[in-house]
Amino acid sequence: MAAHRKLPQRPFSGLTARTAATLALAGAATATGFDGAAHAEPQLTPAQVKAKVDTLYREAEAATEKYNGAKEKSGTAERRLSALQDEVARRQEILNSARNALGSIAAAQYRDGAMDPAWQLALSSDPDRYLDDAALAERAGDRQAAAVSRVHRQLREIEQLRGAARIELKSLRSRQAELNRQKRTVTGKLDEARQLLARLTPRQRSEVTGAGADAGGPSARASRSAADPRQPLEEAAPGPAPTGRAAAAVAYAYGKLGSPYVWGATGPNAFDCSGLAQAAYRAAGISLPRTTYAQINAGRRVSRSELRPGDLVFFYSGISHVGIYVGNGQMIHAPNPSAPVRVAPIDQMPFAGATRVA
């Protein structure tokens with residue numbers, strides 16, 4: 001019986017190899033597709049979108065307050081730098097005048113020549129008068145020495161001013177860099193929130209942002225009565241504002257119901273939360289700081305049970321949001337880019353404190 005021999009395996013031909021490679025790649029692509037489908041981001045529910053958007057708005061608002069603070073400090077540094085530069089220019093003019101005067105004296109002395117005083121006395125036709133002139137010249141020399149000393153002092157002062165200006169310029173650039181960092185943070189958070197909201201239907205967006213909320217509540221009634229600020233004030237407040245200025249601030253806030261939220265804005269047509277508080281009290285004749293974390297220290301702290309119309313109410317642990325209390329548990333505030341200036345209950349956010357500035 002003939003021995004069975006194992007036939008040698010033929011290597012893949014070019015066509016067969018290409019076919020196998022194609023099948024392998026197709027399989028890998030299919031596997032990758034299934035894997036990608038398994039890890040694709042699931043469709044968010046409106047409630048989940050609302051939670052994410054609310055978080056982004058809070059983070060953007062915290063960054064907005066930092067932006068506002070950096071902008072305020074940047075403006076202060078810019079004004080100081082400008083004042084220093086103006087003072088340097090003024091001192092330079094004085095120095096130039098003093099230098100010109102000394103130059104004229106030096107030129108006159110050069111033209112007259114430097115004759116030894118003994119020879120001048122010997123050759124003088126009137127020795128007594130010469131001696132009087134010599135005493136006058138000596139006093140003039142003392143005055144020139146004093147003028148030279150003043151020039152040296154002015155040079156030192158100008159150099160000190162220039163040094164201070166260089167420090168202020170460095171501070172200004174640092175503030176501007178911080179301003180740009182916070183601006184990028186704010187715009188990034190708001191863009192992300194807009195993208196999330198864009199996934200929803202118009203009705204879902206309305207529900208998530210609260211645009212259709214309180215159709216018959218105090219917010220809507222106040223909006224309809226914005227033309228007459230006294231009406232909602234009487235409706236919402238259980239008692240009068242403690243002062244005329246507080247009442248004026250509340251009236252201003254009612255007059256701005258429906259104005260858009262724009263981060264960094266202080267009016268008159270758009271506001272962020274601290275910008276609205278600042279503008280309302282500016283209209284009442286009181287200057288408030290720009291940021292929430294400075295505004296909370298601008299007056300006398302009051303407890304929640306002591307609230308009166310006009311008090312500023314603050315929210316979140318980082319003191320990143322502020323509203324103007326109008327009575328009956330309600331405030332007027334600028335919520336976020338999805339909602340205009342409106343009346344809202346103070347219970348809708350974590351209460352952090354209150355202050356009375358008027």
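Visitor: Before we start, what makes two rings pair here?
Guide: Rings of Phe, Tyr and Trp (its six-membered ring) pair if their centres lie within 6.5 Å; planes under 30 degrees apart count as stacked, over 60 as edge-to-face and the rest as tilted. Also, this is a predicted model, where local features need pLDDT of at least 70, side-chain atom pairs count only at pLDDT 80 or more, and totals for chains, interfaces and linings use all residues. Residues are numbered from 1 along each chain as its sequence is written, and side-chain values use heavy atoms, with hydrogens and water left out.

Visitor: Thanks! How many aromatic pairs does the whole structure have?
Guide: A search finds three. One of them joins Tyr67 and Trp263: the ring centres are 4.7 Å apart and the planes stand at 75 degrees, so this pair is edge-to-face.

Visitor: Where do Tyr67 and Trp263 lie?
Guide: Tyr67 is in helix α2 and Trp263 in the loop between α8 and α9, so the pair ties together parts 196 residues apart in sequence. Helices (H or I, at least four residues) and strands (E, at least two) are DSSP runs, numbered from the N terminus.

Visitor: Is Tyr67 buried or exposed?
Guide: Tyr67 counts as buried because its relative accessibility is 13%. Buried means under 20% relative accessible area, exposed over 50%, and partly exposed in between (1.4 Å probe, protein chains only).

Visitor: And what about Tyr252 and Phe271?
Guide: Their ring centres are 6.5 Å apart with planes at 90 degrees, so that pair is edge-to-face too. Tyr252 sits in helix α8 and Phe271 in the loop between α8 and α9, 19 residues apart. Both Tyr252 and Phe271 are buried.

Visitor: Switching topic: what is the strand order in the sheet?
Guide: This open sheet of six strands runs β1-β6-β2-β3-β4-β5, with antiparallel pairing; two strands pair if DSSP finds at least two bridges between them. β1 (300-302) and β5 (342-345) are at the edges with a single partner strand each, so one side of each has no neighbour in the sheet.

Visitor: How many bridges join β2 and β3?
Guide: Four, between residues 312-315 and 321-327. Within β3, Ile324 is the bridge partner of Leu312.

Visitor: Which residues have the most contacts inside the largest nonpolar core?
Guide: Tyr281, Leu312 and Ile332, in a core of 49 residues. Such a core is a set of buried Ala, Val, Leu, Ile, Met, Phe, Trp, Tyr and Cys residues joined through side-chain atoms within 4.5 Å.

Visitor: Which element gives the most to this core?
Guide: That's α2, with eight residues.
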